[in-house]
Amino acid sequence: VGALEIAGAVALLVPATTTVAALTLAGLMLPATAIQYMSGEGFTWVPPLAGLALVALAWLRHRVYVAG
């Protein structure tokens, strides 16, 4: 999982792969949310918030990329 997160972070820096990378990382936030909830450590809101930010980034970058 860590290697995928690092690859996604690097891919976020490449304009042509930002949308796919953001959606992939947002997908990784789903199991992260479940694990955070099951661990009982608190701050359960952090992974969904990060996922929402990544989906917003993907949507905005896709609009810019498609519009030219």
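A residue is called buried when its relative accessible area is under 20%, exposed when that area is over 50%, and partly exposed in between (1.4 Å probe, protein chains only). The structure shown above is a predicted model, in which local features need pLDDT of at least 70 and side-chain atom pairs count only at pLDDT 80 or more, while totals for chains, interfaces and linings use all residues. Residues are numbered from 1 along each chain as its sequence is written, and side-chain values use heavy atoms, with hydrogens and water left out.

The protein contains three helices and zero strands, so that its pattern along the sequence reads α-α-α; here helices (H or I, at least four residues) and strands (E, at least two) are DSSP runs, numbered from the N terminus. Along the principal axes, the C-alpha atoms fill a box of roughly 45 × 20 × 10 Å. Of the 68 residues in the protein, 21% are buried. The protein exposes about 4,800 Å², of which carbon and sulfur atoms supply 77%; accessible areas come from the Shrake-Rupley method with a 1.4 Å probe, and for residues only the protein chains shown count as cover.

The buried residues of α3 are Pro47, Gly51, Leu54 and Ala58. Seen down the axis of α3, these buried residues fall within an arc of 60°, and therefore they line one face of the helix; the arc is that of the directions from the helix axis to the C-beta atoms. Their cover includes α1 (2-12) and α2 (18-39), where contact means heavy atoms within 4.5 Å. The face of α3 turned away from the buried side carries the exposed residues Leu52, Trp59 and Ala67.

Leu52 also belongs to a nonpolar surface patch of about 560 Å², made together with Phe43, Trp45, Val46 and Leu49. Patches are made of residues with over 30% relative accessible area and no salt bridge; like charges are joined within 9 Å, and nonpolar side chains (Val, Leu, Ile, Met, Phe, Trp, Tyr) within 5 Å. A salt bridge is a side-chain nitrogen of Lys or Arg within 4 Å of a carboxyl oxygen of Asp or Glu. Leu49 lies in helix α3 and is partly exposed, at 48% relative accessible area. Phe43 is found in the loop between α2 and α3 and counts as exposed, at 56% relative accessibility. Although Phe43 is not a glycine, it has a positive phi of about 55°.
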